[in-house]
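Hello,

Here is the structure I said I would pass on. My notes follow below it.

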Amino acid sequence: MRSSDNMPQTIRVRRAEERDKDFLFQLRNEDSVRAQSWHTERVDASTHDAWFKSSLRNPKRVLYVVEADGTSAGQVRFDVDDGGESAEVSVSVTERFRGKGIGSEALRSAGQSLFKDFPNIKKIFAHIKTDNFASVKTFQKAGYENRGIVDYEGHECIEMIASR
């Protein structure tokens, strides 16, 4: 529970389901979400539909929807590496719910679930654009360690890591 009126009373993460397709499509195409993504272009409905169906079937991808007081507020996605020992995380929260502590709470909760469901995973990592200070703060609040600036797939970024 949260004490501030500004904060949602309950924040929970649950596995994404078919009914979440439209919400995740809208979230992916929000201007502020695209601005902090590595791929900033808008995604059309058919491309999103194919990605979403593939994501639900992919045993190495775990996709959560974040709910605040029962309303869809964001997503947390993990992509498990081929060795099954680490996972890359991505998080986004709708503009309506940003700045309320939802991202860090969702990262913490989803990470705990991932470690429980995938006992071989030793670390979760994120690569954040160097000017995305809000995300760095969110990850730090969720218990991630800032490993500094690294080159990741041709992008200079800040690497954040959570270990088991």
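This is a predicted model: local features need pLDDT of at least 70, side-chain atom pairs count only at pLDDT 80 or more; totals for chains, interfaces and linings use all residues.

Start with helix 1 (21-28) and helix 3 (45-57). Their axes lie 10 Å apart, and the helices pack at an angle of about 120°. The crossing is right-handed. On the helix 1 side the contact is made by K21, L24 and F25, and on the helix 3 side by A45, H48, D49 and F52. By class, this contact has 4 nonpolar, 1 polar and 2 charged residues.

The other pair is helix 4 (residues 102-117) and helix 5 (residues 133-141), whose axes come within 8 Å and cross at roughly 45°. That makes helix 4 oblique to helix 5, and their crossing is right-handed. G103, S104, L107 and R108 of helix 4 meet T138, F139 and K141 of helix 5. The residues of this contact divide into 2 nonpolar, 3 polar and 2 charged.

As for the largest pocket, its volume is about 1400 Å³. It is lined by 45 residues, and S37, Q75, S90, V91 and S92 are the closest to its centre. Among the elements that give two or more residues to the lining are helix 1, helix 3, helix 4 and helix 5, together with strand 3 (71-80), strand 4 (86-93) and strand 5 (123-129). The lining has 16 nonpolar, 18 polar and 11 charged residues.

Regards

Methods. Residues are numbered from 1 along each chain as its sequence is written. Side-chain values use heavy atoms; hydrogens and water are left out. Axes are lines fitted to C-alpha atoms, for helices over the stretch in contact, and angles run from 0 to 180 degrees between N-to-C directions. Helices (H or I, at least four residues) and strands (E, at least two) are DSSP runs, numbered from the N terminus. Angles under 35 degrees count as roughly parallel, over 145 as roughly antiparallel, 65 to 115 as roughly perpendicular and the rest as oblique. A crossing is left-handed if the near helix is turned anticlockwise from the far one by less than a right angle, and right-handed if clockwise. Contact means heavy atoms within 4.5 Å. Ala, Val, Leu, Ile, Met, Phe, Trp, Tyr, Cys and Pro count as nonpolar, Asp, Glu, Lys and Arg as charged, and the others, Gly among them, as polar. On a 1 Å grid over the protein atoms alone, a cavity is a set of points where a 1.4 Å probe fits but cannot get out, and a pocket is an open set with protein on both sides within 12 Å along at least five of seven lines; lining residues have an atom within 4 Å of a point. Grid points are joined across faces, edges and corners, and a volume is the space filled by probe spheres set on the points.
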